[in-house]
Amino acid sequence: MRAAAVTGARGVTLTEWPFVTMVNLRVDPTTEAAERIGKTLGAPLPQSCGHTAASGPHTVVWLGPDEWLVLSQAAEETAVTAELREALGADPGSVVDVSANRTTLELSGPAARQVLEKGCPLDLHPRSFGPGRALSTTVGPIAVLLWQVDDEPTYRLFPRSSFADHLARWLVDAMSEYRGPSIP
C-alpha cells in the first residue's frame, strides 16, 4: 500500500489502522441504559442514519435504530467492552466485541473521493456525504462500512477481515491512474 501512494495535487494514500477495538452495541435508545452508555462513552448515541458521535478515543457509528458500532483506540482493548457491559447492566441489550470481524483501511488525499467513486454507489459529493457521516455500502464488490473522517478528505473503510486484502488491491488499482497527468 505504501508503494501505491500518489503525491501532489491528485494525491491519494491507503493505509491500514490495525488493532482498532470494535464493539457492537444493541440497546433501546429511549432507555436509561442508553443514557448510561452515552455517559460512559462521553457522547450520546447517534439517533439517525449515517450519523456518528465522537469523544476522546471513541467514535460511535449509527448502524440501525437500536444498533451502533463503537470504534475505540483506547489503550486497553478489553476495558471498553467491560465498561459498556457495566453501563448496560441488567437491561435488555447486548455488548459484543467484534474487533476480529473487520479491519480498518484509511484512504486519504485530494483524489480519495474520486477513487471511491469508481466503485461506490453512494453520492460522495460534500453536499450529501461529509465529515462525520458513516454508511454501509459497497466499494467495488466488497461490503464495507464507510466513514468520512475529515475534509481532506479522509475515509475509513471497515470491510470484513476476510475481504480486506481484496479491497486493498482493488483500491490500489483504482489509485493507479492518479500517478499520471490529469486529462482535461
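Student: How do strand β2 and β6 pair, and over how many bridges?

Tutor: Keep in mind that this is a predicted model. Strand β2, residues 21–26, pairs with β6 in the antiparallel sense, and 4 bridges join them.

Student: Which residue in β6 is the bridge partner of R26?

Tutor: That's S94.

Student: OK, and what's the strand order in the open sheet?

Tutor: There are 5 strands, in the order β3-β4-β5-β2-β6, and the pairing is antiparallel. The edges are β3 (52–55) and β6 (94–97); each has a single partner strand, so one side of each has no neighbour in the sheet.

Student: What's the average twist?

Tutor: From one strand to the next, the twist averages 20°.

Student: Let's zoom in on H58. Which strand is it in?

Tutor: H58 belongs to strand β4, which covers residues 58–64.

Student: Is H58 buried or exposed?

Tutor: H58 counts as buried, because its relative accessibility is 10% and the cut-off for buried is under 20%.

Student: What does H58 touch?

Tutor: Not counting residues up to four places away in sequence, H58 touches L41, A53, L71, S72, A74 and V80.

Student: Now L69. Where is it, and why does it count as buried?

Tutor: L69 is in strand β5, residues 67–72. It counts as buried because its relative accessibility is 3%.

Student: Which residues is L69 in contact with?

Tutor: Leaving aside neighbours within four places in sequence, the contacts of L69 include M22, V23 and N24, then T59, V60, V61 and L63, and also V98 and L145.

Student: And how far is L69 from I183?

Tutor: Their C-alpha atoms are separated by 40 Å, and the two residues are 114 apart along the chain.

Student: Switching to rings. How many aromatic pairs are there?

Tutor: The count is 1 aromatic pair. W147 and F158 form it, and they are stacked, at 6.5 Å centre to centre with 15° between the planes.

Student: Which strands does that pair tie together?

Tutor: W147 lies in β9 (residues 142–150) and F158 in β10 (residues 154–159), so the pair ties together parts that are 11 residues apart in sequence.

Student: Are W147 and F158 buried or exposed?

Tutor: Both W147 and F158 are buried.

Student: Last one: which charged end sits over the ring of W17?

Tutor: The charged end of R156 does, 3.9 Å from the centre of the W17 ring.

Key:
Residues are numbered from 1 along each chain as its sequence is written. This is a predicted model: local features need pLDDT of at least 70, side-chain atom pairs count only at pLDDT 80 or more; totals for chains, interfaces and linings use all residues. Side-chain values use heavy atoms; hydrogens and water are left out. Helices (H or I, at least four residues) and strands (E, at least two) are DSSP runs, numbered from the N terminus. Buried means under 20% relative accessible area, exposed over 50%, partly exposed in between (1.4 Å probe, protein chains only). Contact means heavy atoms within 4.5 Å. Two strands pair if DSSP finds at least two bridges between them. Axes are lines fitted to C-alpha atoms, for helices over the stretch in contact, and angles run from 0 to 180 degrees between N-to-C directions. Rings of Phe, Tyr and Trp (its six-membered ring) pair if their centres lie within 6.5 Å; planes under 30 degrees apart count as stacked, over 60 as edge-to-face and the rest as tilted. A charge sits over a ring if NZ of Lys or CZ of Arg is within 6 Å of the ring centre and within 35 degrees of the ring normal.
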